[in-house]
Number of protein chains: 2
Amino acid sequence: MKKLINQTDTLFDESLQGFAKAHADIITLNADPCFISRKSNKTANQVRLISGGGSGHEPLHAGFVGTGMLDAACPGQIFTSPTPDQMLAATQEIAGDAGVLFIVKNYAGDVMNFEIASEMLDTENSSVLVNDDVSLAKDHSTGRRGVAGTLMVEKITGAAAEQSASLVECKNVAQRVITNTASMGVALSSCTVPALGKPTFDLSETEMEMGVGIHGERGHETLPLGSASEIVEIIANAIHEDLQPKAGQSALLHINGLGGTPLMEQYLIYDLAELYWQKRGVKIIRSLVGSYTTSLDMAGVSITLTLLDDELTALWDAPVHTASLRWGC
Amino acid sequence: MKKLINQTDTLFDESLQGFAKAHADIITLNADPCFISRKSNKTANQVRLISGGGSGHEPLHAGFVGTGMLDAACPGQIFTSPTPDQMLAATQEIAGDAGVLFIVKNYAGDVMNFEIASEMLDTENSSVLVNDDVSLAKDHSTGRRGVAGTLMVEKITGAAAEQSASLVECKNVAQRVITNTASMGVALSSCTVPALGKPTFDLSETEMEMGVGIHGERGHETLPLGSASEIVEIIANAIHEDLQPKAGQSALLHINGLGGTPLMEQYLIYDLAELYWQKRGVKIIRSLVGSYTTSLDMAGVSITLTLLDDELTALWDAPVHTASLRWGC
């Protein structure tokens with residue numbers, strides 16, 4: 001295993017310290033229990049948003065803490081759920097009078113720990129489950145996973161909270177983004193979890209893993225390595241089938257690198273995906289291309305489509321100032 | 001070779017098309033001769049900045065075209081210099097009355113072709129050579145290479161041009177950034193050039209390549225794989241030796257991923273590099289962490305330090321609106 005680290009058991013702390021130093025103008029790191037919170041103030045009557053999950057997906061979630069997006073993020077160890085005490089401490093640090101919305105990716109550990117925190121809290125709180133990964137059937141026993149579409153939920157709901165939407169309104173907006181968002185990923189390589197020291201699965205030079213999640217697990221199918229056009233066709237078909245957008249529908253297209261894939265390939269995938277939906281009358285009116293929801297050093301991409309209406313578009317466009325997403329301020 | 005492409009000979013065009021579609025609000029792509037130019041207007045009496053170079057380093061340079069940074073970028077094929085006709089066409093498209101400054105990374109092909117373009121132009125023009133790579137001696141036969149420090153030159157000079165500095169003033173600012181900027185990189189893997197189809201050099205599981213450039217060439221030394229602390233010590237020593245900052249000096253610290261290295265490792269390197277200079281009394285007052293000057297899918301990072309004064313700091317902070325660098329607007 002070749003990584004730019006000192007020891008596997010200090011990677012988490014050292015990386016977070018670097019993040020906190022590099023973005024000291026935007027966020028504060030609380031070391032124990034571990035959470036990152038925004039520095040810019042909200043008024044007491046604005047809803048707070050908290051997310052979190054295992055590390056290894058950077059910049060998700062810590063990179064999205066700041067004005068117009070998350071109020072706090074609770075990072076677990078690599079691919080490991082954060083614990084309820086982190087969520088409790090984060091909530092106590094940032095809570096106002098308007099309540100807290102937890103944005104939770106649909107993984108058993110995350111769901112359980114956010115639920116425990118929710119029950120222990122005096123603060124009014126609610127939660128939404130992000131489950132955008134269409135590589136799993138809707139009736140999968142544990143439901144679909146939350147992947148790169150989480151960013152859209154956090155950005156758009158964050159804008160609503162910044163504009164003083166109530167807790168119910170924030171939850172409704174988040175739910176509307178979740179309903180209108182679908183993602184799917186493909187890997188050309190496994191990732192290597194530092195503590196494991198070797199790839200989590202093997203793929204030959206002529207294979208690709210279709211329908212991967214973001215935790216180094218295998219996808220739903222190992223296929224012969226296809227061309228970019230063939231790959232986009234498979235993924236976009238699954239997303240299109242799920243969302244069933246009508247002709248004339250506006251949408252945001254997000255190409256997400258999984259950690260080891262250069263931007264040059266991501267833009268090529270964008271080109272093909274944009275063309276796919278253009279042919280079907282879907283208007284791509286917003287775009288985001290880059291490695292935002294990663295799986296350590298995995299080579300691969302995911303495609304996310306979010307169907308937009310005027311309100312969601314305006315919330316997407318609203319100012320945001322975080323370590324990894326910034327515009328309008 | 002596993003890449004998300006259709007064919008090696010269409011990668012360049014398809015990727016640029018995707019880039020142009022994704023950022024149609026900021027830039028325009030001219031297909032032949034190939035250049036990218038900004039959409040936002042400048043007045044006739046503002047200096048124009050043009051850069052360019054081989055592709056494979058994305059987002060450099062096309063991702064830095066827009067308000068407050070470059071007016072145009074001329075991309076060559078992968079790791080191949082752009083041709084004079086691209087620079088001529090870009091200049092003719094964007095020129096005003098105040099002249100054009102070419103920002104050129106110090107590679108023989110780039111230097112030659114920008115010189116040819118310069119001689120053929122009626123428009124008043126000048127150029128600066130970026131040569132921040134301290135892994136090569138200052139008296140190296142072809143001089144030092146331009147690497148990740150190019151971003152600082154483009155950002156800071158772009159702000160000066162936006163504030164209507166004259167061509168001489170822009171050139172002076174650019175030169176001041178160049179004098180005060182030093183970089184060095186390390187690779188844990190080679191990159192794979194699509195047309196070649198295999199890594200450009202071999203490294204064993206226990207080796208690292210110190211002092212790499214951004215074109216898949218070997219570095220100045222193959223060393224046993226070190227810890228992150230050891231790696232930072234080697235690189236930071238070389239940079240410190242070159243710039244010789246005094247105690248109390250302010251600086252910008254840029255950790256740059258080379259394409260295949262996750263953000264988690266980049267932040268860890270930031271932590272260690274910040275500590276290195278803190279111990280020596282250098283105040284890191286600005287930071288940039290991310291994969292901005294890449295070498296396709298190479299695993300590795302570079303460290304760049306730019307010594308700042310009040311003027312350079314204000315120009316760094318000035319609004320910028322490009323595909324890959326955006327703040328203040």
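Select the interface residues of both chains (contact means heavy atoms within 4.5 Å): 100% of those in chain A are also interface residues in chain B, so the copies meet through the same surface. This is a predicted model, in which local features need pLDDT of at least 70, side-chain atom pairs count only at pLDDT 80 or more, and totals for chains, interfaces and linings use all residues. Residues are numbered from 1 along each chain as its sequence is written, chains are lettered from A and ligands numbered from 1 in the order in which they are written, and side-chain values use heavy atoms, with hydrogens and water left out.

A turn of 180° and a shift of 0.0 Å along the axis give an RMSD of 0.0 Å. That is the relation of a two-fold axis. Gly260(A) has the C-alpha nearest the axis in chain A, 2.0 Å from it.

Now go to chain B and show its open sheet of 6 strands, ordered S10-S9-S8-S13-S11-S12 with mixed pairing. Strands are DSSP runs of E, at least two residues, and helices runs of H or I, at least four, numbered from the N terminus; two strands pair if DSSP finds at least two bridges between them. At the edges, S10 (221-224) and S12 (283-290) of chain B each pair on one side only.

Zoom in on S8 (residues 181-187) and S9 (residues 207-210) of chain B, which run antiparallel and are joined by 2 bridges. Val186(B) has Met210(B) in S9(B) as its bridge partner.

Terms used
Least-squares fit on C-alpha atoms with pLDDT ≥ 70 in both.
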